[in-house]
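Morning, everyone. Please have a look at the model first.

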Amino acid sequence: MACMPSRGLGSSAAAVVAGILLGNEVGQLHLTKERMFDYCLMVERHPDNVAAALFGSFVGTFMKTLSPADTARSEIPLSEVLPEISAGGIDTGELPIHKPPLNIGSYHQFRFNTDIKSVVVIPDFKLDTSEARKRLPQSYSREDTVFNAQRCSLLPVLLGEDPPNAAKISEAMRDRLHQQYRADLIPDFNKVLQSVTYDAYPGLLGVSLSGAGPSILALAMSNFETIAQAIIAILAEAKEVHYDWQVLELAPEGATVEDCE
């Protein structure tokens, strides 16, 4: 699947990972994926999508607190990537890119029921993450924070069970920290949440925004087209644009380089 930008599909993280892998191959740096993770995180400071793209599978992540100096770094300055070429073309032998700190991000690959597929409904309009981020409040209530923390702690375990419990997964996918604030950016998204439910559509486990949106993610075991078309029918009533949908599976090996000739 081509990772379209500004659709809530992790395109920025995928681009960063692709660039780091390419540099590793072309420069023959022989970096491990764990070390490349450090480089990725100095560009994309959100480890969730980066780890998923780099390592694959179903992952949880966190990032360590950087020093003030490293936090202030903006990787990678254009002047260091494309320095002015001297008339003589002298190779100074200096490395233009600063090395990041070691082990600044951690990840864990959870067990995942591979019968669960991701049904992604992708609208033909963009939503910049920066714009969606502006909708978020500066602070949250204790009640909403506890609500999400409880569900986030349970969801990874639920997605590894066989058979999965649709009622529990659907409840664990509920959110109070971002979806309600971004809902008006995807017309009738709340109606999707209310109407496309596990008890109304056999095989469905739960529905949420994909990233910051505007794509919508449904986890399901079967009836993929029925579920996708139900979501599209609701969205199309509110906004007349083309909607694509795809069924996606986990990439257990993550990012790989197949041919660098």
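What sits over the ring of F147? The charged end of R176, 3.9 Å from the ring centre. To count, NZ of Lys or CZ of Arg must be within 6 Å of the ring centre and within 35 degrees of the ring normal.

A word on the source. This is a predicted model, where local features need pLDDT of at least 70 and side-chain atom pairs count only at pLDDT 80 or more, while totals for chains, interfaces and linings use all residues. Residues are numbered from 1 along each chain as its sequence is written, and side-chain values use heavy atoms, with hydrogens and water left out.

Now the aromatic pairs. There are six in the structure. Rings of Phe, Tyr and Trp (its six-membered ring) pair if their centres lie within 6.5 Å; planes under 30 degrees apart are stacked, over 60 edge-to-face, the rest tilted.

Take F37 and F55. Their ring centres are 5.2 Å apart and their planes stand at 80°, so this pair is edge-to-face. F37 belongs to helix α2 (residues 33–43) and F55 to helix α3 (residues 47–55), so the pair ties together parts 18 residues apart in sequence. Helices here are DSSP runs (H or I, at least four residues), strands likewise (E, at least two), numbered from the N terminus.

Are these two buried or exposed? F37 is buried, at 1% relative accessibility. F55 is buried too, at 6%. Buried means under 20% relative accessible area, exposed over 50%, partly exposed in between (1.4 Å probe, protein chains only).

Next, F58 and F112. This aromatic pair is edge-to-face, 5.3 Å centre to centre, with 65° between the planes. F58 is in strand β1 (residues 58–63), and F112 is in the loop between β2 (105–110) and β3 (117–123), so the pair links parts 54 residues apart in sequence. F58 counts as buried at 18%, and F112 does at 16%.

Back to F37 and F55 for a moment. Together with Y107 they form one aromatic cluster.

K239 lies over the face of F125, 5.0 Å from the ring centre.
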